[in-house]
Structures are given as C-alpha cells and as structure tokens.
Amino acid sequence: MLGCKMEIKRLEVLVVEDTLEHIERAKKLQEVCDLTVASTYSDGVYEIKSRQGKEQYDVVLTDLFMPWDVCPRYPLGDNPEMCKEVITPQALGYPLAMVALAAGVQYVGTVPDANHHQGVM
C-alpha cells in the first residue's frame, strides 16, 4: 500500500428553506458538511452574492415555494420600514437556482414542500 493520504474537502452547502420542520431536518447535514441555512429568498440571494469573488458554495438546496419577502438583507438592508412579507408562497426556488448557477455554484437543487403522493417531504 502506498503512503498516500488524501484530504477530503467538506462540502459547503446552503439550504434555503422557510419551514421550521425542514430546517431542523436539514441541520442533520452539519455532520457531513459545512452548512448555512437561509430562511427567505432574499437571504438566500444575499448568502450567494456575498461570496462573489470568493469560494462559492458547492451545493445550494432550495425550497421551491416560499413567501416573497421584501425586507431583504440584499440589496436594501435591514430597514424595518421597508419590511413587508407577502404571505402567498411563490415558485422562488427557480430564480434562486438561476442566481446560484450564475454565481458559479456547481450543484443546485429545488425541492417542493410536498408531492401529491406522500404529503410533506
């Protein structure tokens, strides 16, 4: 046997999810990767954009449907007077996936909260 030692890099994973139950489940990934969790579309965009010019996430997993929040940290900042959340979930996972791919994330996945066969995933 050769004396080779291979160092395995831990994946940097961003999970964008607005449901507490799913966030708790995603936190189990911390055992095998470096995990960042964002709970809104704009926080997800902020996390991705904040790494421009640096090492980008290896993986972004995003909820497909989530509320559109117009109190983003990116680019307006944390201004409570500008905060207002639209309750109706929209398919924001698709545009978030496009932001991630454009930023150089290699692996991107969108996941719906439920399917009509099994209920909550």
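Before I start: by nonpolar core I mean a set of buried Ala, Val, Leu, Ile, Met, Phe, Trp, Tyr and Cys residues joined through side-chain atoms within 4.5 Å. I also note that this is a predicted model.

Entry 1, the core. I looked up the largest nonpolar core and got 13 residues. Leu14, Val16, Tyr41, Ile48, Val60, Met66 and Leu96 touch the most other members. Strand 1 (11-16), helix 2 (41-49) and helix 3 (93-102) each supply at least two residues of this core. Which of them gives the most? That is helix 2, with three residues. I also found a second, separate core of six residues, with Val13, Cys33, Leu35 and Val59 among them.

I picked Ile48 and left aside its neighbours within four places in sequence. Its contacts are then Leu14, Gln56, Tyr57, Val60, Leu96, Val99, Ala100 and Ala103.

Just after helix 3 I noted Gly104, with a positive phi of about 100°.

For two packed helices I want the angle between the axes and the distance between them. The axes of helix 2 and helix 3 come within 10 Å and cross at roughly 5°. With angles under 35 degrees counting as roughly parallel, helix 2 is therefore roughly parallel to helix 3. From helix 2 the contact takes Tyr41, Gly44, Val45, Ile48 and Lys49, and from helix 3 it takes Pro95, Leu96, Val99 and Ala100.

Buried or exposed, I wondered about Arg51? Buried means under 20% relative accessible area, so Arg51 at 17% counts as buried. A polar atom of its side chain lies 3.3 Å from the backbone oxygen of Glu55. Neighbours within four places in sequence aside, I list Glu12, Gln56 and Tyr57 as contacts of Arg51.

Terms used
Residues are numbered from 1 along each chain as its sequence is written. This is a predicted model: local features need pLDDT of at least 70, side-chain atom pairs count only at pLDDT 80 or more; totals for chains, interfaces and linings use all residues. Side-chain values use heavy atoms; hydrogens and water are left out. Buried means under 20% relative accessible area, exposed over 50%, partly exposed in between (1.4 Å probe, protein chains only). Helices (H or I, at least four residues) and strands (E, at least two) are DSSP runs, numbered from the N terminus. Contact means heavy atoms within 4.5 Å. A polar contact is a pair of N or O atoms within 3.5 Å; within protein, one must be able to donate a hydrogen and the other to accept it, and residues adjacent in sequence count only if both atoms are side-chain atoms. Axes are lines fitted to C-alpha atoms, for helices over the stretch in contact, and angles run from 0 to 180 degrees between N-to-C directions. Angles under 35 degrees count as roughly parallel, over 145 as roughly antiparallel, 65 to 115 as roughly perpendicular and the rest as oblique.
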